[in-house]
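Let's take a friendly walk through a protein structure together. Keep the picture in view as you read, and find each residue when it comes up.

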Amino acid sequence: MDKLKLGVFELTSCGGCALNILFLYERLFDILEFYDIAEFHMATSQRGREKLDVALVTGSVSTQRDLEVVKDARNRAEYLIALGTCATHGGVQGSIEGSVKEGLRKIYGDMKGPSKVLEPRAVVEHVPVDFAIPGCPYDKDEVFQVLMDIARGVEPVTKDYPVCLECKLNEYECVLLKRGVPCLGPVTLGGCNAKCPSIGLGCIGCRGLVPDPNIPGLVEVLKNIIPEEDIVRKLKTFVRW
Ligand code: SF4
Ligand code: SF4
């Protein structure tokens, strides 16, 4: 069986989502049974111009170079996955209020920066994507499963339920209602297996919002625990809205 060609592309980000692929450790070898890595800046100096079966794109589109890279990935790849919250929602840099360009102009004047800054935006706002895996960083089990599904010709399953559901399935005690810990689980996309509540921490919303989130309902509950302005700040940590 011919192996599939995989490319990993890194746009503006902390680099954590690209590095997280290497942290699959021995399971990376299972992936390499099905894929040849054609491009992965962090892991190989190999660069090609060939067509790709799958492209994983991490980071947000924040510079002209990012825009060129993401368009190139889209043109070359059959199946493009936005990987990590920077790519799916814009991430921390995409949630900045006001114009980044304006801010830079105030500090540096009209001097043109070498990277030609754009307003940071999610990959999904610039090119069509076939699948999105949020998380800061994403859950490694999820990317492993998605790559294996694609290799076997199975369409991966999109998760559209909240973190709360995963707490219930795991029978974790509700940190919000039982312990008074601020938690964004009710409005945050699940898929991390309720990682933070599993160790007694509140979810800080790193996977972005569920479709049709009941934000007023959550604010009513959180108002009893933290000031309203902190709730708004918390909700805007990873996503712009
Ligand atoms: S989503 Fe988080 S971990 Fe991933 S690249 Fe962005 S900031 Fe880093
Ligand atoms: S519980 Fe929330 S903050 Fe923690 S990993 Fe999951 S989505 Fe991210």
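Arg 105 and Glu 102 sit 3 residues apart in helix H6 (residues 100-108), so about one helical turn separates them. Their side chains form a salt bridge, in which the closest N and O atoms are 2.8 Å apart. Side chains of opposite charge can pair when their charged atoms come close. Please keep in mind that you are looking at a predicted model. How open to the surroundings are these two partners? Arg 105 is partly exposed, at 40% relative accessibility, and Glu 102 is partly exposed too, with a relative accessible area of 39%.

Another one joins the side chains of Arg 49 and Asp 72, with 2.8 Å from N to O. This pair links distant parts of the chain: Arg 49 is in the loop between S2 and S3, whereas Asp 72 belongs to helix H3 (residues 64-76), 23 residues apart. Is each partner buried or exposed? Arg 49 is exposed, because its relative accessible area of 62% is over the 50% cut-off. Asp 72 counts as buried, because its 19% relative accessibility is under the 20% cut-off. Both residues also take part in a network of salt bridges that links Glu 39, Arg 49, Asp 72 and Arg 76.

Stay with helix H3 for a moment and look for Arg 74. Its side chain meets that of Asp 130 in a salt bridge, at 3.1 Å from N to O. Arg 74 lies in helix H3 and Asp 130 in the loop between strand S6 (117-121) and strand S7 (131-133), so the pair ties together parts that are 56 residues apart in sequence. Arg 74 is buried, with a relative accessible area of 17%, while Asp 130 counts as partly exposed at 34% relative accessibility.

To find Met 42, look in the loop between strand S2 (35-40) and strand S3 (52-58). Met 42 counts as partly exposed, because its relative accessibility is 34%.

Note on methods: Residues numbered from 1 in each chain as written. Chains lettered and ligands numbered in written order. Predicted model: local features only at pLDDT ≥ 70, side-chain atom pairs only at ≥ 80, totals over all residues. Heavy atoms only, no water. Helix = DSSP H or I, 4+ residues; strand = E, 2+ residues; numbered from the N terminus. Buried < 20%, exposed > 50% of the residue type's maximum accessible area, 1.4 Å probe, protein only. Salt bridge = Lys/Arg side-chain N within 4 Å of Asp/Glu carboxyl O.
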